[in-house]
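Colleague: I have not looked at this one before. Can you walk me through a few parts of it?

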Amino acid sequence: MKKTVFYTVFAFLFFNQIAISQVVEDPEIKKMITEIKAENLEATVRKLVSFGTRHTLSDTKSKTRGIGAAQQWVKSEFDKYALESNGRLTAAIDYFTVKADGKRINKDSQLGNVMATLKGTDPNDNRVLIISGHLDSRVSDVMNVKSDAPGANDDASGVAAVMELAKVMSKRAFPATIIFVAVVGEEQGLIGARHLAETAKAANWNIVAMLNNDMIGNSLSSGTNLRDNTQIRVFSETIPFLETEEEAKMRKATSRDNDSPSRLLARYIKTVTEQYVDQLTVKLVYRNDRFLRGGDHTPFSQNGFTAVRFCEMNENFDHQHQDLRTENGIKYGDLVEFMDFDYLRKNTCSNLATLANLAWSPKAPENVGIEVKNLSNSSTLSWNAPEEKVQYGYQILMRETASSHWEKTFFVKDTKVEIPYSKDNYFFAIQTVDALGHASLPVFPVPIR
């Protein structure tokens, strides 16, 4: 049962005043969640399916069929949303050229990611949040550009979520910038996402979080026939792809193998989802993606950004990467009829709660550390306030070393605190929080002497 409560002081521990931190819900986020409608998501999916195929190398000239027509339609929808954004939302197709690779690109081709950028309102806030779904689709043969490839769930579901969030969120103002993007080339080797990630790295974008949504609208598995519309998987890498030698030494010294930036983001998603979205639980999966498989968040991880993947709980392989056909009484193909649009709605709301909280949150604390100069059964944590306006306060997150998620949260006003829990037995992290409960991503402490 959800509660809207306040911070209650319960003890003085050593020299700091500490309050147990309980749920504070922002009514504006709750209102936005009510604006996400299953019927709107279904209409978007059906429109994307109507283009016949959205194969990356399909027709770019037709106005009704192929990847080009789909790109132009998504761009036109973003332009409509921009009209209600007071000039904050702008849309474009970011075209780029890829060379034939003799594998999944058989000719030099011009590709394009469809992007809508909701510019942050604070000129001193350079944080960027990215949410993506992939626009392209395929059938059994990844090089078949002619056959119908509806791609209803893979991945019109992700694109529909991105578009719905752009429509709802562009009516509000956020200090940080949010980029909504329908990438291409996922099925040909994550090409569009890699282009965007490399562009961001070259331009030194301060990407706080990248949320990739790929297949988030099916609730019935193939083979087992399990149906589950109450859980969504979030995948996150264990060890950062670009970890330096010094970072590896620190990770090993502090046993933070389960606290990479992406893993901290995944836990954040779980917290806000289960706070704001009814009948949906985030299942944390401790790998970058499904076994030996990848998605559009991977190029961002490989370029040093914090990125995760949302994916339905149970994949249905009868309706994924399949030619349209019926065999032995089984209907194959990624068709609209096999989707669960209320499940898609809830998963879209999970993304909304995450993006809104992060975009409205204060910046993260800096120089977060834990004192190790003395042996003690208490733990002393300290940090610096982020360089911006005066902070409302901070949350100390705590869990036992064998726990997957944070178990206790303490609220403090100061930037140094001593708590009666041993660093031998618990992991800690610190996040900045405002009066409405918007919290920054947590920061894992390093030893200080």
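Colleague: Which residues of helix 1 are buried?

Modeller: This is a predicted model. In helix 1, residues 27–35, the buried residues are Ile 29, Met 32 and Ile 33.

Colleague: Why are they on the same side of helix 1?

Modeller: Because they cover an arc of only 105 degrees around the axis.

Colleague: What do they pack against?

Modeller: Helix 4 (152–169), helix 7 (261–276) and helix 9 (341–360) are the partners of the buried residues of helix 1.

Colleague: And what caps the N-terminal end of helix 1?

Modeller: Asp 26 does. One of its side-chain oxygens lies 2.9 Å from the backbone nitrogen of Glu 28.

Colleague: Changing topic, how much space is in the largest pocket?

Modeller: About 1100 Å³.

Colleague: How many residues line it, and which lie nearest its centre?

Modeller: The lining has 41 residues. Pro 261, Gly 304, Thr 306, Pro 442 and Val 443 lie nearest the centre of the pocket.

Colleague: Which helices and strands supply at least two residues of that lining?

Modeller: Strand 7 (206–213), helix 6 (245–254), helix 7 and strand 13 (366–371) each do.

Colleague: How does the lining split by class?

Modeller: There are 20 nonpolar, 11 polar and 10 charged residues in the lining of the largest pocket.

Colleague: Now Asp 136. Where is it found?

Modeller: Asp 136 is in the loop between strand 5 (127–134) and helix 4.

Colleague: Is Asp 136 buried or exposed?

Modeller: Asp 136 has a relative accessible area of 0%, so it is buried.

Colleague: What is it in contact with, leaving aside neighbours within four places in sequence?

Modeller: Several residues, among them Arg 54, Thr 56, Ile 67, Asp 154, Asp 155 and Glu 186. The side chain of Asp 136 reaches the backbone nitrogen of Glu 186 at 3.2 Å. Ala 70 is 66 residues from Asp 136 along the chain, and their C-alpha atoms are separated by 9.0 Å.

Colleague: Which residues is Ser 132 in contact with, apart from neighbours within four places in sequence?

Modeller: Ser 132 is in contact with Val 162, Val 181, Met 210, Leu 211, Asn 212, Asn 213 and Asp 296.

Definitions and conventions: Residues numbered from 1 in each chain as written. Predicted model: local features only at pLDDT ≥ 70, side-chain atom pairs only at ≥ 80, totals over all residues. Heavy atoms only, no water. Buried < 20%, exposed > 50% of the residue type's maximum accessible area, 1.4 Å probe, protein only. Helix = DSSP H or I, 4+ residues; strand = E, 2+ residues; numbered from the N terminus. Arc of directions from axis to C-beta. Contact = heavy atoms within 4.5 Å. Polar contact = N/O pair within 3.5 Å; in protein donor to acceptor, adjacent residues only side chain to side chain. 1 Å grid on protein atoms, 1.4 Å probe; cavity = no way out; pocket = protein on both sides within 12 Å on 5 of 7 lines; lining within 4 Å. Points joined across faces, edges and corners; volume = space filled by probe spheres on them. Nonpolar A, V, L, I, M, F, W, Y, C, P; charged D, E, K, R; others polar.
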